[in-house]
Amino acid sequence: MVSRLVLGCGTVGQTLVEAIADGEHSMLVVDDAESRIDALREEGVSATLGDPTDPETVRAGVEGADVVVVADRDAEVNREAAELAAELFPEAYVVGYLGEDCDPGQRGTITALSDHVIDPTAALVEQVLAVATGDHAIRTVNLRRAIRRVEGTLAVFMHDNPDPDAIASAVALCRVAEEVGVEAVPCYFGDISHQENRAFVNLLELDLRNFDSSEELDLDEFGGIALVDHSRPGVNDQLPEETPVNIVVDHHPPKEPPEAEFVDLRSDVGATSTLLAEHIQRLGIDLTEEVATGLLYGIRVDTKDFSREVSTADFEAASYLLPHADVGMLERVESPSVSADTFETIARAIRNRRIEGTVLASCVGSLSDRDALAQAADHLLNMESITTTLVYGFRDGTVYVSARARGTDIDLGGTLRSAFGQIGSAGGHADMAGAQIPLGLLGTVEEEEEASLTSVVSEVITSRFFETVRSTPESDGEYAHGGEASFEATVVDPED
């Protein structure tokens, strides 16, 4: 099986071949012009002399292909080659060049059978190339294949207490599955408690399935499992750790490589929503207003309105989504009422703050709304001379940690992993990270013991965080990491 098969090789085809022939992917060109075949072979390109529309010639040269490029100069040859590609390689991503003097019938056939069409009168080949024949196009092909192999309903799981990026990505992947012909349902554990996230779900009328606990989940109900905005079962969700996973789409750098039939994990983009927008665009799926609005909001939130860890892909995805989205609805989502509990958590974070240089840490004690931690960390980052904030509290036997940074060389994801790696788990990005740390041997603490628990948790978390920051190469201090403590951790999410 080759990665890329080129049927017909006119002038445009030669341009495409030169750009595609990077040595990293197997490729075969089939063309009936001996001079072109000889020239390609001299350039080290695998080429077969023969009719690109003849089934026997093509079958003899290749068993399968991820991407098929139909690129002869003659429009009729391209029409026949497109029909042949659809017959022999129904799972392949087809790029169809219309050719010269293409009549309406030929245009209609090539367009209907191609995933991407190059019109010689309108398209710039190099622009099309990046979208149509790059590695990401092959990812889209493999995603479609992985979904098609699911027998039954695909459960698309967000991480616990999902944020807009996770919610939008789950809904979008379900839309892709629907287009492929597979039933899918977006699922999550925990709560959607952040007021903007609740408004987001309610205003877009998103139908999500919530599981209270792993005991409520029956995996036999589903034919496949997908994870979005996180990459491992049992880590930031309540799925059993041994759950077999079909699909992973995520943008967070993993602690270890995820195990799944299909993985699209790109930490060089700002949001998982960007990846789903790319797949939808490449597959030519009609965008509903709620999916477009959700994906656009997911990108905006995770990149902090395109100011945090943003990439060219995020801007391109937003440009694609914007014409289909309801911007007025986004304004309503971003202006919800703030609960009294959230204000109280922010107030406690301000009162309990401890500052060393430009770094601030604060324990808010018992939590009623864990999403308030991220809001408190963001608010405290606005304090004068503060470049790094860490806010944490506990609820139901678990310590939740949320950290933010701005204008500093500190890598928060790495810092939290170093600080809590031996007593738990942590992760995230350079300027946004989080952790969840079960209380372990401290056990259940009665209400009257809350002050004592707050003191113990504060001593462990704050001390380890400051000591780790001091010991980083960017810091002036020469401090070693703190001692051991009796905690265990299981879940991490940078939005926490």
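Reader: Arg 348, buried or exposed?
Author: Buried, with a relative accessible area of 17%. Buried means under 20% relative accessible area, exposed over 50%, partly exposed in between (1.4 Å probe, protein chains only). This is a predicted model: local features need pLDDT of at least 70, side-chain atom pairs count only at pLDDT 80 or more, and totals for chains, interfaces and linings use all residues. Residues are numbered from 1 along each chain as its sequence is written, and side-chain values use heavy atoms, with hydrogens and water left out.

Reader: Which residue forms a salt bridge with Arg 348?
Author: Glu 344, with the closest N and O atoms 3.6 Å apart. A salt bridge here is a side-chain nitrogen of Lys or Arg within 4 Å of a carboxyl oxygen of Asp or Glu. Glu 344 is partly exposed, at 35%.

Reader: Where do Glu 344 and Arg 348 lie?
Author: Both are in helix H14 (residues 340-351), four residues apart, about one turn of the helix. Helices (H or I, at least four residues) and strands (E, at least two) are DSSP runs, numbered from the N terminus.

Reader: Which residues do shared partners join into one network?
Author: Arg 139, Asp 264, Arg 266, Glu 278 and Arg 282, through their salt bridges.

Reader: How many salt bridges does the structure hold?
Author: 26. One of them pairs Asp 115 with Arg 144, at 3.6 Å, N to O. Asp 115 is in the loop between helix H5 (104-113) and strand E6 (116-118), and Arg 144 is in helix H7 (residues 135-148), so the pair ties together parts 29 residues apart in sequence.

Reader: And how buried is Arg 144?
Author: Its relative accessible area is 11%, so Arg 144 is buried. Asp 115 is partly exposed, at 25%.

Reader: What about Arg 300 and Asp 305?
Author: Their side chains meet in a salt bridge, 2.9 Å from N to O. Arg 300 is buried at 18%, and Asp 305 is partly exposed at 46%.

Reader: Switching topic. How many disulfides?
Author: Zero, from a search of the whole structure. The criterion is a pair of cysteine sulfur atoms within 2.5 Å.

Reader: Cys 363, buried or exposed?
Author: Buried, at 6% relative accessible area. Cys 102 is buried too, at 19%.
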